[in-house]
Amino acid sequence: MAYTSYHLSRKPISVVKEVLHQNCTLLSEDEWKPILTPEEANETCWCCYKPFDQANAKGLLGGLDTSFLFAYAIGMFFSGHVAERMNLRYFLTGGMLLSGLFTALFGLGYFWNIHSYAYFVIIQIFGGLMQSSGWPSVVTCIGNWFPKGRRGIIMGIWNSHTSIGNILGSLIAAIWVDDDWGWSFIVPGIIIAGMGIIIFLFLVVYPEDVGCAPVNKKDTHSQEEAISLRGALLIPVSSHRNH
């Protein structure tokens, strides 16, 4: 459920893009007649949301995606290191609460009548950083509960979260996209934040925390020192020198 909510909160932007910049001449007369003259209604982007009413709107929307993905990629590197060094329950809860906050802030821009492109880019950057907290945390938790021999089937079942989250995110965003698209972000933001609270209250990181036997028993006699990131990067160089 945790990572389902992560995917759910990422989906609204792909749905709302269709109304941020659209061909307004295709709207029915009932939608524009109360507020526009026929001449004004012939303008192709009178209903677009500023600043996405410009000729370079596709580039601006693409910039939002790039900002999120770039921040997410960088965040994944650091999140993995942080997740290994702190309580996963706190780390995952914090990531989900902050992901919900920045998802909701994107939608609040609509109600606050914010038309600054920088605002939406900054929200996407911080949203991407917070979203990167999910994968390292949940994968580690699953590894703590299931032995290596059974992780294949468990991971296969668990990975259904991607489709379920995307479907739910699309359905929720579609409810408000044509009227008040801000809710398309606020509601998913509330959902992932609420799920973060549930994680904080009920997540058990290790089986031994509830009196169960540890799944991954450490063999102190045969345990080898884990390779460092630098060591892994130098493997190809060492191998070349040996030959």
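A polar contact is taken here as a pair of N or O atoms within 3.5 Å; within protein, one atom must be able to donate a hydrogen and the other to accept it, and residues adjacent in sequence count only if both atoms are side-chain atoms. The model is predicted, so local features need pLDDT of at least 70 and side-chain atom pairs count only at pLDDT 80 or more, whereas totals for chains, interfaces and linings use all residues. Residues are numbered from 1 along each chain as its sequence is written, and side-chain values use heavy atoms, with hydrogens and water left out.

The protein has 12 helices and zero strands, where helices (H or I, at least four residues) and strands (E, at least two) are DSSP runs numbered from the N terminus. Buried residues make up 38% of the 243 residues; buried means under 20% relative accessible area, exposed over 50%, and partly exposed in between (1.4 Å probe, protein chains only). Of the contacts (heavy atoms within 4.5 Å) with a separation of 6 or more, 77% are between residues 24 or more positions apart.

At the start of helix H6, a side-chain oxygen of Asn87 lies within 2.8 Å of the backbone nitrogen of Arg89. Helix H6 (residues 88-111) has 24 residues, which at 1.5 Å a residue should span 34 Å, and this agrees with the 35 Å between its end C-alpha atoms. The expected span is 1.5 Å times one less than the number of residues. Just after H6, Asn113 has a positive phi of about 60 degrees.

The axes of H2 and H11 come within 10 Å and cross at roughly 170 degrees, axes being lines fitted to C-alpha atoms, for helices over the stretch in contact, with angles from 0 to 180 degrees between N-to-C directions. H2 is therefore roughly antiparallel to H11 (angles over 145 degrees). Pro12, Ile13 and Val16 of H2 make the contact with Ser184, Phe185 and Pro188 of H11.

The structure holds one salt bridge, defined as a side-chain nitrogen of Lys or Arg within 4 Å of a carboxyl oxygen of Asp or Glu. Its partners are Asp65 and Lys17, at 2.2 Å from N to O. Because Asp65 lies in helix H5 (residues 57-83) and Lys17 in helix H2 (residues 12-20), the pair ties together parts that are 48 residues apart in sequence. Asp65 is partly exposed, at 24% relative accessibility.

Val215 is placed in the loop between helix H11 (183-202) and helix H12 (229-242) and is partly exposed, with a relative accessible area of 26%. Not counting residues up to four places away in sequence, Val215 touches Asn144, Trp145, Phe146, Pro147 and Pro207. Val215 and Trp145 are 70 residues apart in sequence, but 6.1 Å apart in space, C-alpha to C-alpha.

Conventions
Parallel < 35°, antiparallel > 145°, perpendicular 65-115°, else oblique.
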